[in-house]
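Please find below my comments on the model, arranged as numbered points.

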Amino acid sequence: MKTALVNLGVILTGDWRNPFAPGDSILMADGRITSVGNASADALRNCDVVIDANGATAIPGLIDSHVHITFGDYTPRQKTVGFLESYVHGGTTTSISASEVHVPGRPKDPEGVKALAVAALKCFQDFRPGGMRVCAGSIILEPGLVEADFSEVAAKGVWLAKAGFGAVKSPYDYVPMVAWARKHGIITTVHTGGASIPGSSGIWADHLIAMQPDVSFHSNGGPVAIPNEDFPRMVHESKIALQVCTAGNLRTTLLLADLVRKADQFDRFLIATDTPTGSGIMPLGMMYTITHLASLTDMPVEWAIAAATGNNAKVYRLNSGFLRAGKDADVVVLDACEGGSQGNALDALRNGDIAAVGAVITDGVPRFVGRSRNTPAPMRKIRVAENRILQDYSGTAH
């Protein structure tokens, strides 16, 4: 399928160092971006679908790097069907598993946690709820796992591991397991902050610095934050990616954002939601954290968007998160909301307003065009200008 997005007012690349791309068009074919800039009339004639953005803003699809999926588009934690599809209407095009810890009666022995990770991985390989790409299958680190177990699951495609919910006596017991996982190419993630469920332990800076995982999950608190004095240590005494989540502590989100910028460590700053959890389902969670950072700090809004797109993609080795040729064709069109005080999406976010999601494209396929069911309508009319495929891409109204 060939798709074109034209008449864009602003194109954000997802790269905080070079956030703006020149031109007004994005061309996509066979699930990849083929060009970002200007499109010729001949190129547009060869497209199956042409979307007129009418001066709105394009950003990479948001990557939520902390979603507690189970199986299918269902969360037993909130007893809700269709939450992942709903997240697409909030601009999230990729979800990364924070482990399938909420599977009812989940196994806790080594064979069980391996089987759970492999099953989740395989269940989502060809299942894209609402068009979302779901990176599933994060092995939960439990006592009894040995290095051979990580070699085994890595050979079966598992590339994520999660520490923090296991029945270990001390968080330091995770140190060898994290090392084994990283040795076999598995990205390691660790709960950070006070205990989030009964029976689990709080994990603070000393534990994380000893483990040296790839990602500190909800560094701002999940939902309970680490002590204030731990934040500078996390920034200056490690190279761990520092994820902040909407379902965490807002004060420490802003604190950590300031620290990483002053230390010139912004590549390590990631935005996610940590949902569905006790905090609920948050289809606009990624957008809200972007607005908090853009309106309550002096962080440029394009940097906040990069923390939700390109930064996540780099840490998790994804081919998405950037608007450039060769990357996955996951694109979101944003605008200021109808009736708001601002004239474009970026000014709206700086003002603390969410942006209207006017279109979402994943894998080069329009999932909806015109309006999201989870945001107010955009100020501009975003529409399908040409369509050679018998399909209606209009958004579902409220």
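1. Glu 85 is partly exposed, with a relative accessible area of 33%, and Arg 373 is likewise partly exposed at 26%; here buried means under 20% relative accessible area, exposed over 50%, and partly exposed in between, with a 1.4 Å probe and protein chains only. This is a predicted model, in which local features need pLDDT of at least 70 and side-chain atom pairs count only at pLDDT 80 or more, whereas totals for chains, interfaces and linings use all residues. Residues are numbered from 1 along each chain as its sequence is written, and side-chain values use heavy atoms, with hydrogens and water left out.

2. Glu 85 and Arg 373 form a salt bridge, their closest N and O atoms lying 3.8 Å apart; the term denotes a side-chain nitrogen of Lys or Arg within 4 Å of a carboxyl oxygen of Asp or Glu. Distant parts of the chain are linked by this pair: Glu 85 belongs to helix α2 (residues 83–88), while Arg 373 sits in the loop between β20 (365–369) and β21 (383–387), 288 residues apart. Helices (H or I, at least four residues) and strands (E, at least two) are DSSP runs numbered from the N terminus. In total the structure holds 25 salt bridges.

3. Arg 106 and Glu 142 also meet through their side chains in a salt bridge, at 3.3 Å from N to O. Arg 106 is in the loop between β10 (92–97) and α3 (110–123), and Glu 142 in the loop between β12 (138–140) and α4 (147–155), so this pair ties together parts that are 36 residues apart in sequence. Arg 106 counts as buried at 11% relative accessibility, and Glu 142 counts as buried at 1%.

4. A further salt bridge joins Arg 261 to Asp 298, with the closest N and O atoms 2.6 Å apart. Arg 261 is in helix α8 (residues 250–262) and Asp 298 in the loop between α9 (285–296) and α10 (301–307), so that distant parts of the chain, 37 residues apart, are linked. Arg 261 is partly exposed at 27% relative accessibility, whereas Asp 298 is exposed at 60%. Elsewhere, salt bridges with shared partners join Glu 111, Lys 114, Asp 149, Glu 152 and Lys 156 into one network.

5. Which residues of α4 are buried? They include Asp 149, Phe 150 and Val 153. Seen down the helix axis, the buried residues of α4 fall within an arc of 95°, so they line one face of the helix; the arc is that of the directions from the helix axis to the C-beta atoms. Ala 148 and Ala 155, on the other side of α4, are exposed. The cover over the buried residues of α4 includes α3, β12 and α5 (174–183). After α4 comes Gly 157, with a positive phi near 105°.

6. His 102 is placed in the loop between β10 and α3 and counts as buried at 15% relative accessibility. Its side chain makes a polar contact with the side chain of Arg 77 at 3.3 Å. A polar contact is a pair of N or O atoms within 3.5 Å; within protein, one must be able to donate a hydrogen and the other to accept it, and residues adjacent in sequence count only if both atoms are side-chain atoms. Neighbours within four places in sequence aside, His 102 is in contact (heavy atoms within 4.5 Å) with His 68, Thr 70, Pro 76, Arg 77, Pro 276 and Thr 277.

7. β10 and β11 run parallel and are joined by 3 bridges, and Ser 95 has Val 134 in β11 as its bridge partner.

8. Gln 243, in strand β16 (residues 241–245), is buried at 0% relative accessibility. The side chain of Gln 243 makes a polar contact with that of Ser 65 at 2.9 Å and reaches the backbone nitrogen of His 218 at 3.0 Å. Residues up to four places away in sequence not counted, Gln 243 touches a set that includes His 66, Phe 217, Asn 220, Leu 270 and Tyr 316.

Definitions and conventions
Two strands pair if DSSP finds at least two bridges between them.
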